[in-house]
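This report is meant for a reader who is meeting the structure for the first time.

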Amino acid sequence: MGGVGAATPIAPLRLKQLQAVGIFSGFAAGAWLGAAEAPTKVVTLGISPVTISLVMVLGVFLARWSLPALIRGTANLGLDVRRAPHLVVWALIAGCLWAVANTLTIFAIRDIGLSIAFPLWNTNSLLGILWGALLFNELRGAGRVRRLGVVGGAIVMFGGAVLLALASPTQAPGGDAVRGIAAALGAGALWGTMYIPYRKAYLTGMNPLSFVTFFTIGELAMMAGLAFAYLGGPAGTWTELGRARDVLFWLLLGGFVWVVGDLFQQYAAKYVGIGRGIPLSNTNQLWGLLWGILVFGELAGSSHGVYAQVVGGSIVMALGAAAIALSTAPGAEHLRWQDAARREAARYGVDLDYVAARLSGLDPDARRGRTARDWLIVAAATAVFVLFLAGAQAPQLEIDYAWAVGLTLAMLGLLGGCGVALWRVTRFG
Amino acid sequence: MPDPQHTPGPPPRWWRAMLGDIQFWIPLAVLVGGLLLLRWVA
């Protein structure tokens with residue numbers, strides 16, 4: 001184990017690269033997370049919110065095992081677990097938090113609509129900043145201007161969210177507004193707190209691709225428990241799944257798309273911290289709006305005033321995100337992160353050199369290449385998707401396919417660009 | 001057949017460290033709160 005001396009500053013150029021790739025990951029996460037909410041529109045077709053959440057989680061489970069197997073190989077999982085076994089428990093808790101939050105969001109969408117529910121649960125960024133500063137030394141040593149950029153940017157984003165919420169009476173689908181708002185805010189609290197395990201994992205050196213594979217076990221177990229509780233046990237759950245069979249593929253796909261966004265979010269949390277990473281990935285609200293308005297015609301028939309509120313709120317949110325993106329962590333703040341990492345290493349008995357290397361985006365003991373098991377996992381996940389695709393029917397919704405293709409191409413562009421940047425700078429470390 | 005002489009060893013160090021870590025209890029408390037909220041909303 002390395003000594004417990006003073007933290008060594010990371011080279012300025014390296015820090016700049018890591019910060020840039022973290023900011024880029026935050027924006028890419030926003031695009032993919034925003035698109036993932038689109039399939040939940042089928043909730044208006046009379047399918048139980050719990051069923052929708054369960055199927056999305058099944059898609060998430062498939063993606064969380066197959067994508068890391070494809071990108072890095074599962075051989076590295078064992079290495080990470082041996083280094084920091086406690087993080088498996090943290091990942092399971094985070095997965096449970098995600099499952100409950102996701103189910104709450106679907107109730108929120110049912111009651112107050114996607115455009116309004118989004119900004120409410122995206123208040124998780126304010127909570128993330130609080131946890132980041134309180135527990136992990138984020139924004140310490142950042143200087144007044146950068147601190148103002150992050151906190152002010154998040155508050156401005158929240159202001160934009162409020163503007164969007166003001167449009168709620170004219171577009172709520174007619175559900176119970178109080179319960180809908182409580183569900184959305186509750187989801188925000190759960191998701192905001194879920195980043196405590198995220199940050200803890202990355203300060204202690206776990207690779208994001210390892211963390212998510214354990215995370216998803218907690219996620220699936222919690223979601224299965226919720227489904228059995230709310231749908232009348234395994235038999236009731238099976239019946240509900242049968243009723244939703246025509247749209248199962250789209251929900252699985254929603255879960256898959258969500259995982260791509262979440263992987264970028266994990267890298268953002270690792271390289272710029274949760275105080276900056278969460279608000280940036282919360283630009284998913286803007287993408288969600290684009291999908292809602294352009295593809296699903298969500299605001300069709302609304303007054304100009306409603307459009308002005310939505311567009312104005314979105315611009316304000318984007319300005320807040322820009323302020324955060326420009327307030328990257330300087331060397332002095334990174335040293336405080338290292339202090340937090342060393343505290344974690346000391347508490348849990350993790351090798352300090354390993355922690356320091358991973359915090360710098362290095363992965364010296366990683367095994368490269370895929371095994372037969374990895375390809376088997378990828379093939380099995382692909383087969384499940386193909387199987388459900390074969391039985392899928394297009395949802396009976398008004399969809400503007402030209403805009404859907406355009407937004408998908410934009411997302412793929414971000415996927416390629418950010419994926420290449422992550423590979424060059426960190427080798428997906 | 002379990003060995004009658006066998007006594008379970010102490011829990012691993014990381015387990016004890018985790019239970020004594022306030023950051024472990026915060027997400028757990030929020031999770032319980034979320035489950036209660038879900039029960040009300042659903």
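## Terms and model

Helices (H or I, at least four residues) and strands (E, at least two) are DSSP runs, numbered from the N terminus, and the expected span of a helix is 1.5 Å times one less than its number of residues. This is a predicted model, in which local features need pLDDT of at least 70, side-chain atom pairs count only at pLDDT 80 or more, and totals for chains, interfaces and linings use all residues. Residues are numbered from 1 along each chain as its sequence is written, while chains are lettered from A and ligands numbered from 1 in the order in which they are written.

Helix 6 of chain A covers residues 124-136, and because its 13 residues at 1.5 Å each should span 18 Å, the 17 Å between its end C-alpha atoms agrees with expectation. Its buried residues (20 or more other C-beta atoms within 10 Å of their own, with C-beta atoms placed from the backbone) include Leu127(A), Ile129(A), Trp131(A) and Phe136(A). After helix 6 of chain A comes Asn137(A), with a positive phi near 65°.

Helix 9 of chain A, residues 177-203, has 27 residues and reaches 39 Å from its first C-alpha to its last, close to the 39 Å expected. This helix 9 of chain A is mostly covered, with 21 of its 27 residues buried, and is followed by Gly205(A), whose phi is positive, near 105°.

## Helix 14 against helix 19 of chain A

Helix 14 (residues 284-295) and helix 19 (residues 401-426) of chain A pack with their axes 9 Å apart, at an angle of about 160°. Because of that angle, helix 14 of chain A is roughly antiparallel to helix 19 of chain A, a term for angles over 145 degrees.

Leu290(A), Trp291(A), Leu294(A) and Val295(A) of helix 14 meet Trp403(A), Ala404(A) and Leu407(A) of helix 19, where a contact requires C-beta atoms, placed from the backbone, within 7 Å. By class, this contact has seven nonpolar, no polar and no charged residues; Ala, Val, Leu, Ile, Met, Phe, Trp, Tyr, Cys and Pro count as nonpolar, Asp, Glu, Lys and Arg as charged, and the others, Gly among them, as polar.

The secondary structure of chain B comes to two helices and zero strands, and buried residues make up 19% of its 42 residues.

In the contact between the chains, 17 residues of chain B touch 26 residues of chain A. The largest share of the side of chain B that touches chain A, eleven residues, comes from helix 2 of chain B. By class, that side of chain B has 13 nonpolar, two polar and two charged residues.

How values were computed:
Buried ≥ 20, exposed ≤ 12 C-beta atoms within 10 Å, placed from the backbone. Contact = placed C-beta atoms within 7 Å. Axes fitted to C-alpha atoms, helices over the stretch in contact; angles between N-to-C directions. Parallel < 35°, antiparallel > 145°, perpendicular 65-115°, else oblique.
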